[in-house]
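The structure comes first, and the text follows it.

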Amino acid sequence: MKKLFVVLITLALNGCALYDAYMMTGYDPNEYRIITEIRTDAYNYKHQCPNKVMSEANAMLISDKTQLFEFYSEQIPGNDNGTRASKNLNEIAQGLKTQYQNGTAVSPLFCKLKFTSIENSAAVLQHVIAGRPR
Amino acid sequence: MTLDEIQGQLAAMANAGDPTFSQFANDINQIVEQAKSGQMSGAEVKEILADAQRQLAILEDASQLAFKETLNTCINGLITIACAV
């Protein structure tokens, strides 16, 4: 009976989705820490958008952190979905930084929507990173 | 498709009851309203709408990850049972 179970599971693992799921990346406390920091920063920074000096500095800080998250995620084996998501999150943050670097006037509403997008996306990623196999 | 038609479709999605995408459609409709009232420049609106596409991609990847996590738990459970038999 035991052998039958093992054989059945081994055969089932030939299915690509099952193999991916079995071999998926486990929980990484550093990854969880970084995404939690990004979410917390975005939550705090969105309230500072009316202050142009602070919001520009905040845009630089959060784009550095999302860049760190992308670089950290991309070298983790078996982490295709995580890598793609980290790239998209970083693009959202880099877009805000670029607006400030271009020297064009950045509206407080744009700043708030950007940080809200970062916060919401980070919350989604935080949820799945927390749920990784331990 | 006119702007009114697009906003009509977004409003229909917002009222469809899907917990994730209803809120998402509602947010986009609000962005369109704010753009119409001139609170953001054209470039800013374009960038925010591009962010909406990026957020959809993140949701898709997160959904796949959540599915794999559930599957992983099931496989490990089966292996544990198999080893105990």
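## The pair α4(A) and α5(A)

Helices α4(A) and α5(A) cross in a left-handed sense. The model is a predicted one. The two helices pack at an angle of about 160 degrees, and their axes are 8 Å apart. An angle over 145 degrees counts as roughly antiparallel, and α4(A) and α5(A) are therefore roughly antiparallel to each other.

On the α4(A) side, the residues that meet α5(A) are E56(A), A59(A), M60(A), I62(A), S63(A), T66(A), Q67(A), F69(A), E70(A), S73(A) and E74(A). Their partners in α5(A) include G82(A), T83(A), S86(A), K87(A), L89(A), N90(A) and A93(A), with Q94(A), L96(A), K97(A) and Y100(A) also taking part. Sorted by class, this contact has eight nonpolar, nine polar and five charged residues.

## Chain A as a whole

Chain A has six helices and zero strands. Its pattern along the sequence reads α-α-α-α-α-α. The chain has 134 residues, of which 37% count as buried. When contacts in chain A between residues at least 6 apart in sequence are considered, 71% of them join residues at least 24 apart.

## Helix α4(A) and its cover

Helix α4(A) runs over residues 52–74 and has 23 residues. From its first C-alpha to its last it reaches 33 Å, close to the 33 Å expected at 1.5 Å a residue. Its buried residues are S55(A), N58(A), A59(A), I62(A), S63(A), K65(A), T66(A), F69(A) and S73(A). What covers them includes α3, α5 and α6 of chain A.

## The pair α3(A) and α4(A)

The axes of α3(A) and α4(A) come within 10 Å and cross at roughly 160 degrees. That makes α3(A) roughly antiparallel to α4(A). The crossing of α3(A) with α4(A) is left-handed.

From α3(A), the contact takes N30(A), E31(A), I34(A), I35(A), E37(A), I38(A), D41(A), A42(A) and Y45(A). From α4(A), it takes N58(A), L61(A), I62(A), K65(A), T66(A), L68(A), F69(A), Y72(A) and S73(A). By class, the contact of α3(A) with α4(A) has ten nonpolar, four polar and four charged residues.

## Helix α5(A) and the pair with α6(A)

The 22 residues of α5(A) should span 32 Å at 1.5 Å a residue, and the end C-alpha atoms of α5(A) are 31 Å apart, which agrees. The buried residues of α5(A) are N81(A), G82(A), A85(A), S86(A), N88(A), L89(A), N90(A), I92(A), A93(A), G95(A), L96(A) and Q99(A). They pack against α4 and α6 of chain A together with α3 of chain B. Just after α5(A), G103(A) takes a positive phi of about 80 degrees.

Helix α5(A) covers residues 80–101 and α6(A) covers residues 108–130; their axes come within 9 Å and cross at roughly 165 degrees. That makes α5(A) roughly antiparallel to α6(A). The crossing of α5(A) and α6(A) is left-handed. In α5(A), the residues A85(A), L89(A), I92(A), A93(A), G95(A) and L96(A) meet α6(A). The α6(A) side of this contact is made up of C111(A), K114(A), S117(A), I118(A), S121(A), A122(A) and L125(A). This contact has nine nonpolar, three polar and one charged residues.

## The loop residue I76(A)

I76(A) lies in the loop between α4 and α5 of chain A. I76(A) has 15 C-beta neighbours inside 10 Å and so counts as partly exposed. Apart from neighbours within four places in sequence, I76(A) is in contact with T25(A) and G82(A). I76(A) and V106(A) are 30 residues apart along the chain, and their C-alpha atoms are separated by 36 Å.

## The contact between the chains

Chain B gives 28 residues to the contact and chain A gives 32 residues. On the side of chain B that touches chain A, the elements that give two or more residues are α2 (21–36) and α3 (42–84) of chain B. The largest share of that side, 22 residues, comes from α3(B). By class, the side of chain B that touches chain A has 15 nonpolar, six polar and seven charged residues.

Definitions and conventions
Residues are numbered from 1 along each chain as its sequence is written. Chains are lettered from A and ligands numbered from 1 in the order in which they are written. This is a predicted model: local features need pLDDT of at least 70, side-chain atom pairs count only at pLDDT 80 or more; totals for chains, interfaces and linings use all residues. Two residues are in contact if their C-beta atoms, placed from the backbone, lie within 7 Å. Helices (H or I, at least four residues) and strands (E, at least two) are DSSP runs, numbered from the N terminus. Ala, Val, Leu, Ile, Met, Phe, Trp, Tyr, Cys and Pro count as nonpolar, Asp, Glu, Lys and Arg as charged, and the others, Gly among them, as polar. Axes are lines fitted to C-alpha atoms, for helices over the stretch in contact, and angles run from 0 to 180 degrees between N-to-C directions. Angles under 35 degrees count as roughly parallel, over 145 as roughly antiparallel, 65 to 115 as roughly perpendicular and the rest as oblique. A crossing is left-handed if the near helix is turned anticlockwise from the far one by less than a right angle, and right-handed if clockwise. The expected span of a helix is 1.5 Å times one less than its number of residues. A residue is buried if 20 or more other C-beta atoms lie within 10 Å of its own, exposed if 12 or fewer, and partly exposed in between; C-beta atoms are placed from the backbone.
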